[in-house]
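I opened my notebook to jot down what I could look up here.

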Amino acid sequence: MSTAFLQPGTDGSQGGAGMPASPELADVTRDNASLRRFLHGLSGVDQVGAEARAAALATRSIKTTAKAWAIDTAISMVDLTTLEGADTHGKVRSLCAKAARPDPSDPSTPAVAAVCVYPDLVATAVESLAGTGVQTASVATAFPSGRASLQTKLHDVHDAVRAGATEIDMVIDRGAFLSGRYLDVFDEIVAVKQACGAAHLKVILETGELVTLDSVRRASWLALLAGGDFIKTSTGKVTPAATPPVALVMLQAVRDFAARTGDVRGVKLAGGIRTTKEAVRYLVMVNETAGDRWLNPHTFRFGASTLLNDLLQQRHKLTTGAYDGPDYVSID
Amino acid sequence: MPSKVKTGLSRPAKTTPNKSTAVARQPATGERIAVRKTYKLYIGGAFPRSESGRSYPVYDRAGALLAHAAQASRKDLRDAVSAARKAFPGWSGATAYNRGQILYRIAEMLEGRRDQFAAEVAAAEGLSDSQAAAQVDAAVDRWVWYAGWADKYAQVVGGSNPVAGPYFNFSTPEPTGVVGLIAPQDSSLLGFVSVVAPALVTGNTVVVIASSQRPLPVVSLAEALATSDLPGGVLNLLTGSVTELAPWLAAHRDVNALDLTGAETGARVALAEAAADTVKRVFAPAEFDPLAEPGIARLGAFVETKTVWHPTGV
């Protein structure tokens, strides 16, 4: 089934999903052996080098006007997320209100990029976000484990899309990936992408379970080849989640993919990013690794809940000149 | 916020620096190499240097160099306030009896290192040995005195109130939150203990800016605190320039109360104004005598009265 998606022009949705523009890549998804050959043929990641590079990029000092820009940019890149078993419609509504106007006392604060919820709460989010320009994202495909039949996963996606989700966050089958059944993973992403229709697809690699940076690079390429609009680090339910070396490798993957195919895809970092300082470091990494064309919400996102409060507190600090406290932001 | 402030950390006016203590001597054969102490900050239960990397020389009353102390920056202050905020639920939630025991334990630790503190106070304040020992004794006694108040204060100022209705109505003092203190500038140890202990005993967590010119004895005190069951972050100590740090402390929106005992009279109005933006409690007594009987005024400065109307008999 995979080859059907590699014919140029068969897919009407944005981004040319599932059909690499470069003819040399059209062949790699022919069967599991060639996909394996391609993924294992990617140059290995120098782990020590990646860690050193990520650490070096974290030393940049971003101050004053640059910091103000970075904070506002980071706010506009946040996927404000609530993925708890205890989520209620009321909690989603209040989260949506916060997403549209993160700081009611300061209208110049930008809105966040999206609100991310479970599929059954999508309708509530869509209703609350109507007219705000904030997107509704939904996790699907038996999130967070991904342990369900393809049919169930697709049903999950259909549900979310029908309820109005404009972005779908899927999880890959890590078991299949780690045991080398790359084509199964590929076909699943392709099927989910098709089920998404016009909705953007973010493919969660769950890098904390992929163990090595080589696997992260292979999974990134696999997801990009299959048509994911974004590759995303984690579900947020597994530690380690987003770490600087992992982010570096994923940014390199989208950069290289764009260089080979001309197709610009995004990266979403999720899990464990709680402070403005970390967020700004990641923005530096995006700029230095992928390039400034990635520095916007269409191609780079933070999946977070507590990060937004810290961004707002730092924003207050810049506007009032006094250090801020948690009393001045909402508890979500 | 001041972008450039005079730190006021200059050498005392009448100085005749004693070079021999400032310059490292070459040890003669068989002589021990001097093991000098690094005086650091005390934030969140750890002893970091200033994030700014700064330090400043501290002199004795005769103008001889005693040591270099860490010169805290506004970011150290910010870290100290977050540490204090983080420690607040645990400390305020501890039983009054437990807090009293911990304060008493601090007195025990201090008593055991009496000679060390007497020597440091003597050097810092230029006192004779017996005068310094008296200061240390008074500081130990002050911890004990306030430790005793831990489970008694609520009985004195709280209680049931007579109301004309079917309610059991009672009031109880609760801690204000994170208290920022500017410690007295002259009395390095006793003055510090006299302002810090009453804020701690009722369940507040504190950020203290030590005396600029005489910070060394309380850095050693922090070492005693770290080994006396006082949870990390309950007391955070900054050394450096009061002039530089105090405006940031006063304006910090996550600080709930401000004690200006050690602030210069001329600076108090500006600090109180900065504090007013977030309606902090400001305690700025006109007089302060560390040797006087303390009384319970300081305990009352950093508590909020909670009154509960409990329906009865319906």
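**Entry: the interface.** I kept in mind that this is a predicted model. I looked up who touches whom: 11 residues of chain A are in contact with 10 residues of chain B. Together the two chains bury about 1000 Å², with 51% of that on carbon and sulfur atoms. On the chain A side, A:A322, A:Y323 and A:Y328 lose the most area to chain B, and together they make up 56% of what that side buries.

**Entry: charges and polar pairs.** I went looking for salt bridges between chain A and chain B and got a count of one. It joins the side chains of A:D324 and B:R253, at 2.7 Å from N to O. Sorted by class, the chain A side that touches chain B has four nonpolar, three polar and four charged residues.

**Entry: the largest pocket.** I got a volume of about 1200 Å³ for the largest pocket. Its lining has 36 residues, and A:K67, A:K277, A:D310, A:Q314 and B:R78 are the closest to its centre. Which element gives the most to this lining? I found helix 2 of chain B, with nine residues. By class, I wrote down 11 nonpolar, 10 polar and 15 charged residues for the lining.

**Entry: the second largest pocket.** This one holds about 520 Å³ of space. I listed 26 lining residues, with A:T81, A:E84, A:G236, A:A304 and A:S305 nearest the centre. Helix 5, strand 7 and strand 8 of chain A each give two or more residues to the lining.

Notes
Residues are numbered from 1 along each chain as its sequence is written. Chains are lettered from A and ligands numbered from 1 in the order in which they are written. This is a predicted model: local features need pLDDT of at least 70, side-chain atom pairs count only at pLDDT 80 or more; totals for chains, interfaces and linings use all residues. Side-chain values use heavy atoms; hydrogens and water are left out. Contact means heavy atoms within 4.5 Å. Buried area is the accessible area (1.4 Å probe) that two parts lose on being put together, summed over both. A salt bridge is a side-chain nitrogen of Lys or Arg within 4 Å of a carboxyl oxygen of Asp or Glu. Ala, Val, Leu, Ile, Met, Phe, Trp, Tyr, Cys and Pro count as nonpolar, Asp, Glu, Lys and Arg as charged, and the others, Gly among them, as polar. On a 1 Å grid over the protein atoms alone, a cavity is a set of points where a 1.4 Å probe fits but cannot get out, and a pocket is an open set with protein on both sides within 12 Å along at least five of seven lines; lining residues have an atom within 4 Å of a point. Grid points are joined across faces, edges and corners, and a volume is the space filled by probe spheres set on the points. Helices (H or I, at least four residues) and strands (E, at least two) are DSSP runs, numbered from the N terminus.
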